[in-house]
Amino acid sequence: VQIMPAAVEAARASGGMVVAVMNPHMPFIAGDGVVSTDEIDYGIEIGAPLLTVDKASLDEDSMTIGDTIAARTGEGATIQAGIGAIPDAVLSCLQQSRVDSHSGLRSGAARRHLGVWTELIGDGVREVDDAGVLDPDRPIVGTFLIGGDELYEWAGRQTRLQLLRCERTNDPGTIARQPAMTSVNTAMQVDLFGQVNASRIGTRIFSGTGGATDFLVGALHSPGGQALVAMRSWHPKAGVSTIVDKLDAPVTSVQPTAVVTEQGVAELFGNSEREQARQLIENAAHPQARSQLRQAAARYGL
């Protein structure tokens, strides 16, 4: 749904034409994507299969990160997570009993009564709903949806699912009103000042403007909320640390609650710059990168 309502409104306002492509394979989903036939000039019916995306394989690192975030997520929290191995691992671990950080033993029960207020809804959301983790009395809200055939079949029979225009889902004020909003976003780099790069590799755009900052700000203002950046501490293909000394072009200077890697958790919010840098180096960075990061921190007065 995302930008579609605004596109229809803009076409109408400028005297343009609106053509609807009608596909019987498309699930009917309530929300802002429901368009009156009065708004449509022409309809073209096709029978094309919907685009499907396979779930990412969950490796040991992503499951470790998922367990850590699940342990921080309380009953009744609201979840925002994207697509990929780490978000899928978080949603998978929310269905399971948690791992005790000291004993390493799994205990307790899966979370219950969770809500979903997010941009992307994928198969992970379907799975937590099927597992009974989501509150049956709370709507499941996103702005777009993509996954496998099972997701589309699930979406078509849901009465709680709503896809809203992104001006509504990504409004930080609305996000802040969600109970214990827990925002989980991935990134490519975090520097010792807590600045996050989720969009560029060098000078090349890797990911376009998304809602990470919207949800970061909204989650920080939600009572009991938290904005988490989750990523591996080491980039396996590039062979470099994802915790770096200083970014040249940060996405935002607004710092998340914490950075979570397979090494552990760096608590940023409310800490001094020096303590933030210490936590990033000692708790989140890969052991191979820590010595170099300590030297950089000393040069920066951290």
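Tutor: A residue is called buried when its relative accessible area is under 20%, exposed when that area is over 50%, and partly exposed in between, with a 1.4 Å probe and protein chains only. This is a predicted model, in which local features need pLDDT of at least 70 and side-chain atom pairs count only at pLDDT 80 or more, while totals for chains, interfaces and linings use all residues. Residues are numbered from 1 along each chain as its sequence is written, and side-chain values use heavy atoms, with hydrogens and water left out.

Glutamine 276 belongs to helix α9 (residues 273-284), helices being DSSP runs of H or I with at least four residues and strands runs of E with at least two, numbered from the N terminus. With a relative accessible area of 2%, glutamine 276 is buried. Beyond residues up to four places away in sequence, glutamine 276 touches Phe193, Gln255, Leu268 and Asn271, where contact means heavy atoms within 4.5 Å. A polar atom of the glutamine 276 side chain lies 2.9 Å from the backbone oxygen of leucine 268.

Phe193 and Leu268 are among the 21 residues of a nonpolar core, which also includes Val229 and Ala289; such a core is a set of buried Ala, Val, Leu, Ile, Met, Phe, Trp, Tyr and Cys residues joined through side-chain atoms within 4.5 Å. The largest nonpolar core, which has 34 residues, counts Ile69, Trp154 and Leu145 among those with the most contacts inside it. Leaving aside neighbours within four places in sequence, leucine 145 is in contact with residues including Ile29, Leu120, Tyr152 and Leu163.

Conventions:
A polar contact is a pair of N or O atoms within 3.5 Å; within protein, one must be able to donate a hydrogen and the other to accept it, and residues adjacent in sequence count only if both atoms are side-chain atoms.
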